[in-house]
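Subject: Handing over a structure, with notes

Dear colleague,

I am passing the structure below on to you, and my notes on what was found in it follow. Please read them with the sequence and the 3D view open beside you.

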Amino acid sequence: MTEQDIEDEYADLGATTQNAMDIAETSMDIVRQFVPDKTLADRIRQKSVHSMGDIEFQHLIECTGSDDVGDDEDAPVRAGARAVLEEATIVTDITMSKAGITGRGHNCEKRKAIGNGAELAKETGMTRTAASVLELDKQGVYDGAIAVIGNAPTAAFALADCIENGTRPAAIVATPVGFVKAEESRQRIREVSEAYDVPAITNVGRRGGSGLAAALTNELIHVAKDARTEDLELALDAETRAAQDGDHATEGEQ
């Protein structure tokens, strides 16, 4: 396999050598023994397990909102992949989330919110991440973007407020971690996702973090790559995709 083959095939896993590719492939093969592999949402669950090193984490992933195909669990994956294909901006909350998102396999600009809104934070006393989200939203950055929040619950709360006020990201990946309002912030994202049909991938519980957010975003990039190379069709809902997978399995057994 050539270096370009590795670049194309494993942009989401970061492998750049044959040895790294073998490790990545073996790791995902192990994950697929425990996590279904029928829908696009399954791919997100697989990625969460791979990222967290925890088989049970698959049950903590929530996919909400809808796209032009439907409101099934694949909707945020389809929407995120389409946004990647359309070269939408990927906006993270902090530097760590941004650093974890691959620069390969897409032409999206990557931006971080932190570092904006310093005056607003000083004037109001709100966190820098919340102020940063509000400042970028004022500039229209989040409309049509892939919004990624991996660390700051206050950033998730701020983004939810922006959505209530009319902002429409193409897709959201929100996995802020912690013991103070982290779980509540993700619930808030799910609420506005459902209320305003904004596709979102979140998790329940206290766990999460920037590494998880970056990994899930990388899987959106990988799904987009598969759509670009016609290895999968985005215009299918989860039920149809799972049924097709079952048909293919049956054909293989004949």
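Two residues are said to be in contact, or to touch, when heavy atoms lie within 4.5 Å. Please keep in mind that this is a predicted model, in which local features need pLDDT of at least 70 and side-chain atom pairs count only at pLDDT 80 or more, while totals for chains, interfaces and linings use all residues. Residues are numbered from 1 along each chain as its sequence is written, and side-chain values use heavy atoms, with hydrogens and water left out.

The whole protein

The protein has eleven helices and six strands, where helices (H or I, at least four residues) and strands (E, at least two) are DSSP runs numbered from the N terminus. The C-alpha trace spans about 70 × 40 × 35 Å along its principal axes. The radius of gyration, taken over C-alpha atoms, is compared with a globule rule of 2.2 Å times the number of residues to the power 0.38; because the protein has 254 residues, a compact globule would come out near 18 Å, and the value of 18 Å found here agrees.

Of the 254 residues, 52% count as buried, a word that stands for under 20% relative accessible area, with exposed meaning over 50% and partly exposed in between (1.4 Å probe, protein chains only). The accessible surface, from the Shrake-Rupley method with a 1.4 Å probe, comes to about 11700 Å², and 46% of it belongs to carbon and sulfur atoms. Among contacts between residues at least 6 apart in sequence, 64% join residues at least 24 apart.

For the charges, Lys and Arg count as positive and Asp and Glu as negative, while His and the chain ends are not counted; the place of a charge is NZ of Lys, CZ of Arg, CG of Asp or CD of Glu. On that basis there are 25 positive and 47 negative charges, and their mean positions are 8 Å apart.

Ala147 is placed in strand S4, which covers residues 146-149, and it counts as buried because its relative accessibility is 0%. Leaving aside neighbours within four places in sequence, Ala147 is in contact with Val91, Tyr142, Leu159, Pro169, Ala171, Ile172 and Val173. The C-alpha atoms of Ala147 and Thr89 are separated by 8.4 Å, although the two residues are 58 apart along the chain.

Thr217 lies in helix H10 and is buried, with a relative accessible area of 1%.

Helix H10 itself (residues 210-228) has 19 residues and reaches 27 Å from its first C-alpha to its last, close to the 27 Å expected at 1.5 Å a residue, the expected span being 1.5 Å times one less than the number of residues. H10 is mostly covered, with 17 of its 19 residues buried.

After H10 comes Glu230, whose phi is positive, near 65°. Glu233 is found in the loop between H10 and helix H11 (238-253), and at 46% relative accessibility Glu233 counts as partly exposed. The C-alpha atoms of Glu233 and Glu119 are 46 Å apart.

In helix H3 (residues 40-52) lies Arg45, which counts as buried at 14% relative accessibility. Not counting residues up to four places away in sequence, Arg45 touches Val35, Thr39, Gln58, Ile61 and Glu73.

Helix H4 is mostly covered, since nine of its eleven residues are buried, among them Arg78, Gly80 and Val84. Glu87 lies in the loop between H4 (75-85) and strand S2 (90-92); its phi is near 60°, a positive value in a residue other than glycine, and Glu87 is partly exposed at 46% relative accessibility.

Asp197, in the loop between helix H9 (182-196) and strand S6 (200-203), likewise has a positive phi, near 55°. Asp197 counts as partly exposed, with a relative accessible area of 49%.

With best regards
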